[in-house]
Amino acid sequence: MGARWWDAEGGPETVVERLDGVDYLAGDGIGTAAFLALRMGRPLLLEGEPGVGKTALAQALADAFAVPLFRLQCYEGLDASQALYDWDFPRQMLRLRAAGVAGVSDVAALEGGLYDRRYLIARPVLQAIEAAPAVLLVDEIDRADDEFDAFLLEVLSDFAVTVPELGRITAEVPPLVVLTSNRTRELHDALKRRCLYHWLDHPDHEHEVAIVRRRLPDVGERLARDVVRAVGRLRQADLVKTPGVSETLDWAGALLVLGVRELDADSAARTLGVVLKHREDLEGMRGAGVARLVAADA
Ligand SMILES: Nc1ncnc2c1ncn2[C@@H]1O[C@H](COP(=O)(O)OP(=O)(O)OP(=O)(O)O)[C@@H](O)[C@H]1O
Ligand SMILES: [Mg+2]
């Protein structure tokens with residue numbers, strides 16, 4: 001890769017420390033994966049259950065290294081004009097009109113002038129290439145059609161974009177590219193080969209308690225432990241939607257607002273809608289379900 005754009009000496013533990021500095025508590029696995037992605041100039045592909053901190057990791061890496069983040073949210077039908085660039089048609093038309101009013105006669109020069117950088121709207125991939133050092137987050141790539149994998153592979157192979165009217169725009173320093181996927185489809189093998197891969201799991205009990213206490217400092221140790229334990233039990237249950245770290249944080253936050261200090265069956269039942277968003281899941285937890293959720297030694 002080109003020049004290294006981050007100043008951290010050391011290894012994965014330095015990345016973990018920096019992430020800690022921006023309140024993202026990463027395990028060794030993430031530290032190593034992110035360190036290698038930075039060192040080797042390779043994209044980092046993050047897969048995992050919803051709400052385990054994939055998107056937040058990209059933001060945290062940008063914050064930790066004080067570089068901007070550009071986010072490309074993927075969806076079905078996403079194409080190059082939304083990912084790379086588009087011409088600013090209304091502004092081009094205005095320029096044409098103004099030229100008409102002024103009686104400009106040099107049509108060739110006028111036409112050339114319409115394809116000036118000023119009229120180019122950079123989308124996230126081009127923004128990241130032009131602004132690098134930067135983090136480019138390609139979020140939820142599995143939602144885009146699979147042709148998009150091939151397109152992305154091309155961009156990621158040399159961190160350059162060719163605008164026919166302007167030429168080739170190359171990143172001075174390669175951006176750190178983070179791709180996330182919830183695995184609603186398998187990504188193209190060639191794209192995977194290009195990336196370093198990390199599977200993000202739900203954090204273990206202690207790790208999740210630490211995340212809650214870091215993100216919500218007003219939540220006491222007792223409440224944090226109660227909520228994390230209850231969410232852990234929910235994850236073992238057969239649910240339509242398994243709660244992630246976001247739900248743990250939401251739940252602890254809601255209980256905090258209600259002034260609850262310890263989770264009991266009553267407070268859990270009242271607030272279950274913060275964690276479970278499906279009627280079937282809620283109904284399965286009524287009564288004995290809630291009692292089991294908050295029991296001290298289930
Ligand atoms: N290790 C962590 N340290 C600090 N906060 C975390 C950590 N993991 C997750 N979070 C927090 O959990 C929440 C959910 O994370 P995020 O939205 O990044 O999940 P996701 O994996 O992208 O989910 P989805 O697949 O639904 O998009 C965020 O508020 C994030 O800050
Ligand atoms: Mg996300």
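**Ligand site and backbone features of the predicted model**

Pro133 is located in the loop that joins α7 (124-131) to β5 (135-139), where helices (H or I, at least four residues) and strands (E, at least two) are DSSP runs numbered from the N terminus. The peptide bond leading from Ala132 into Pro133 is cis, with omega near 10°. Asp23, which is found in the loop between α1 (12-21) and α2 (28-40), has a positive phi of about 65° although it is not a glycine. The model is predicted, and local features need pLDDT of at least 70, while side-chain atom pairs count only at pLDDT 80 or more and totals for chains, interfaces and linings use all residues. Residues are numbered from 1 along each chain as its sequence is written, chains are lettered from A and ligands numbered from 1 in the order in which they are written, and side-chain values use heavy atoms, with hydrogens and water left out.

Ligand 1 is surrounded by 17 residues, of which the closest are Leu25, Gly51, Lys54, Thr55 and Ala56; a residue counts as near if one of its heavy atoms lies within 4 Å of the molecule. This shell draws at least three residues from each of domain 1 (12-76 + 123-200) and domain 3 (205-294), the bounds coming from an automatic or database domain assignment.

Among the polar contacts (pairs of N or O atoms within 3.5 Å), a nitrogen atom of ligand 1 lies 2.7 Å from a backbone N or O atom of Leu25. An oxygen atom of ligand 1 is 2.8 Å from a side-chain N or O atom of Lys54, and an oxygen atom of the ligand is 2.8 Å from a side-chain N or O atom of Thr55. The elements that give two or more residues to the shell around ligand 1 are α3 (54-64), α10 (205-215) and α12 (245-257).

Technical notes:
Polar contact = N/O pair within 3.5 Å; in protein donor to acceptor, adjacent residues only side chain to side chain.
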